[in-house]
Amino acid sequence: MENTATLTPKAMEPQQVLHMVGGDGETSYANNSQFQRTVISKAKSIRDETIQDLIYQSSSSSDLPECLRIADLGCSSGPNSLVVISDTIDAIHEACNRLHQTLPEFQVFLNDLPGNDFTSIFKSLPSFYETLLQKEKGKEEYYGRCFITVMPGSFYGRLFPTQSLHFVHSSFSIHWLSQVPPGVKSESGNVLNKGNIYIGKTSPSSVINAYSQQFQKDFSSFLKFRSEELVPGGRMVIITLGHRSDQEPWDDGNCKCWELLSMALTDMALEGLVEQSKVDSFDLPFYAPSALEIKDLILAEGSFKLNQIETFEIDEDDEIEKGDDDDDDSDGREFDIFEIAQNVSRTTRAATEPMLMSHFGEEAIINDLFQRYAKKVVEHLVKEKLIETCLIVSMTRMG
Ligand SMILES: C[S@@+](CC[C@H](N)C(=O)[O-])C[C@H]1O[C@@H](n2cnc3c(N)ncnc32)[C@H](O)[C@@H]1O
């Protein structure tokens, strides 16, 4: 078997190592994706509106298909994807009822990279169908007509036949790039982003541009391929981590999280627990765009009408339910800070562990790294809040 410590750069292609922690264990994405679920629920009204619009328009032009094809791109494993599918079906159901339309059948495609834990999705399908049936007792024939399947592959390429989809959803996925931008290294292979695993305050402008350009290239491909796969009038809703248009990319909560992880890795290098050169050469295939960048790219690609783009900020505190806080403020805050830091650490670990293990090649460093990371998050939260920017985008395939 290949020794992961000697992996070649080729074997580090994001497609092979970019996946969340599978299964339903303590460190799995399934158990550590509450932050994403909170944002998905905040985006529900935009999603519902987009879907209802699709049904009203198809119905008024007598174009409502007998089978509506829906795709969730970058579904991962765990409950989030199926929550979106269930909400989508509910919204279609409601719109059809209002219009006295016969309900269509549904074909649902759950997409992710081939390394994703699709087996967990298969295992959760019987209980998902059961929940749908419970919700609509007596209307079994309706939910019986929902067919879910998986579609492994990269959404930076073609996944579906021409004009075969009616609604595409993607949450927390398009900020993952197809590759680490080549410009993070000089032409002679020197590391240009030392001390950072993503854009940081000390990143040279060439590195910031390299990240932004890689995103432009990837998101333009994403739009192009979806424009081929969606029917004219088809809709797409995207949720992504982002940065505010009036903010420098490094001046955001997303960057701050990565900066704290860089700091924890650097501390481990100083203590000789990991090689400094390995820390220097680790860069994330990630970019959090601004709403302006997204708008410009949609306009430049030219196949989609932008219906709505909303930027909102979410405090990491939103994720946890606070108990009664009869203590004084500082005590309550201290307890919250510790819990928030643990949550942030677990969420980050669920998303990066396979990548980190592939690069550093040592399972042993992971527990230590994320304990140190949680401490860094606590130190940060004592001084200021950790606020993440998210973008929700709704668009229509013109035709
Ligand atoms: C953070 S998870 C999001 C899961 C779920 N959509 C949610 O909102 O909780 C991001 C997922 O995107 C997938 N992903 C990243 N790049 C991808 C690509 N090029 N094609 C397909 N899936 C990709 C990852 O494998 C991962 O499972």
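The crossing of helices α7 and α10 is right-handed, that is, the near helix is turned clockwise from the far one by less than a right angle. The model is a predicted one, in which local features need pLDDT of at least 70 and side-chain atom pairs count only at pLDDT 80 or more, while totals for chains, interfaces and linings use all residues. Residues are numbered from 1 along each chain as its sequence is written.

Helix α7 spans residues 205–229 and helix α10 residues 291–301; the two pack at an angle of about 50°, with their axes 10 Å apart. From α7, the contact (C-beta atoms, placed from the backbone, within 7 Å) involves Q216, F219, S220, L223 and K224, and from α10 L297, I298 and E301. By class, these residues are four nonpolar, two polar and two charged.

Around the ligand lie 24 residues, near being defined as a C-beta atom, placed from the backbone, within 6 Å. G74, S76, N80, S171 and S173 come nearest. Two or more residues of the shell are given by each of α2 (34–42), α4 (79–98) and β2 (105–112). The shell has 13 polar, 10 nonpolar and one charged residues.

Mean pLDDT (the predictor's confidence in each residue, from 0 to 100) is 83 for the protein chain, and 83% of its residues reach 70 or more. Confidence is highest in strand β4 (residues 165–171), at a mean of 97, and lowest in helix α6 (residues 140–143), at 52. Over residues 1–12 the pLDDT is below 50. Residues 320–333 also stay under 50. Where pLDDT is low, the predicted coordinates should not be read in detail.

How values were computed:
Helices (H or I, at least four residues) and strands (E, at least two) are DSSP runs, numbered from the N terminus. Ala, Val, Leu, Ile, Met, Phe, Trp, Tyr, Cys and Pro count as nonpolar, Asp, Glu, Lys and Arg as charged, and the others, Gly among them, as polar. Axes are lines fitted to C-alpha atoms, for helices over the stretch in contact, and angles run from 0 to 180 degrees between N-to-C directions. Two residues are in contact if their C-beta atoms, placed from the backbone, lie within 7 Å.
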